[in-house]
Amino acid sequence: MREITYLEAVREAMSQEMRKNEDVYILGEDIGVYGGAFGVTRGMIEEFGPERVRNTPISEAGIAGTAVGSALTGMRPILELQFSDFITIALDQLVNQAAKIRYMYGGKGKVPMVVRTPSGSGTGAAAQHSQSLEAWVAHIPGLKVVQPSTAYDAKGLLKAAMDDENPVIFYEHKLLYKTSSEVPEEQYSIPLGKADIKREGTDVTIVATAIMVHKAMEAAKELEKEGISVEVVDPRTLVPLDKDTIVESVKKTGRVVVVHEAVKRGGFGGEIASVIAESEAFDFLDAPIKRLGGAESPIPYNPELEKAHVPQVPDIIQAVKETVNRV
């Protein structure tokens, strides 16, 4: 099977859906001739034209409001926010309108829209362009939240998001755009709310999201050399969350480390830890649940400080060793 990049997988998913359904269109800043800040939509305006690949003014509130309104009238917009940090400007439309309209109107109105947005650090973009704010929107009933970690997952989950009748926030980590994996050329869909076990193990479970899935896999390879067997679980979607897969993995291993890039305080890892603590998996734990997350400060511009701000492979290895009493 061919290999393509995460970026190409996202573009392919959108292009295939737009060829199939004329109600699907994209809107956002610089997504036309320029091809978007990270080049995801490059070439799409040549195929679909400016009516369906719509450049917008620099107004995230206006872009989000336009998407909500057009979704209500039967269109299926894909809104690109240039950086996930800018979701703060669009939150009124997303939190108070998109998330609530279907419920408040008894199902007579619906908002089938996808908000695609690059998140995370690692590019030297500093404090206002490097945040991971997924826990904010995961808190809001009515919004679905997706965080694919591979090209295969990105294409399949984006297809599912575009088919959904509810607003979906689709986080694409900047450092994953150039990563590759095997991806079928045909359309396929990965159900929202279905986790994936990226690696099977017996001694400890690592539940990791987005870029941290890759770091967890690296850590697992190193730990295997020391006789520690690590299972890596990727939730893939935060809302809906596949609690069963996480719980069953922890029941099997008896130990768990939860890793995400977002600031640890108030991060989604706390929700995952609560799911485990409130389930039958709690009785199987042989060690306390351990969480790793970002530091409680704005993300620095300095590359070494930026790297130190979020969990790295050595941090994950250390956390696992502490959990299995190997330090």
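In this predicted model, Asp164 and Lys144 form a salt bridge, with 2.8 Å between the closest N and O atoms. The pair links distant parts of the chain, 20 residues apart: Asp164 sits in the loop between helix H7 (151-163) and strand S7 (168-173), and Lys144 in strand S6 (residues 144-146). The structure holds 24 salt bridges, and two further pairs are described below.

**Asp164 and Lys144: accessibility**
- Asp164 has 13% relative accessibility, and because the cut-off for buried is under 20%, Asp164 counts as buried.
- Lys144, at 21% relative accessibility, counts as partly exposed.

**Arg116 and Glu80**
- A salt bridge joins the side chains of Arg116 and Glu80, at 2.9 Å from N to O.
- Arg116 belongs to strand S5 (residues 114-119) and Glu80 to strand S4 (residues 76-80), so this contact ties together parts that are 36 residues apart in sequence.
- Both Arg116 and Glu80 are buried.

- The side chains of Asp153 and Lys198 meet in a salt bridge with an N to O distance of 2.6 Å.
- Because Asp153 lies in helix H7 and Lys198 in strand S9 (residues 196-199), the pair ties together parts that are 45 residues apart in sequence.
- Asp153 has a relative accessible area of 1% and is buried, whereas Lys198, with a relative accessible area of 21%, is partly exposed.
- Asp153 and Lys198 belong to one network with Asp196, Asp234 and Arg236, joined by salt bridges that share partners.

Definitions and conventions:
Residues numbered from 1 in each chain as written. Predicted model: local features only at pLDDT ≥ 70, side-chain atom pairs only at ≥ 80, totals over all residues. Heavy atoms only, no water. Salt bridge = Lys/Arg side-chain N within 4 Å of Asp/Glu carboxyl O. Helix = DSSP H or I, 4+ residues; strand = E, 2+ residues; numbered from the N terminus. Buried < 20%, exposed > 50% of the residue type's maximum accessible area, 1.4 Å probe, protein only.
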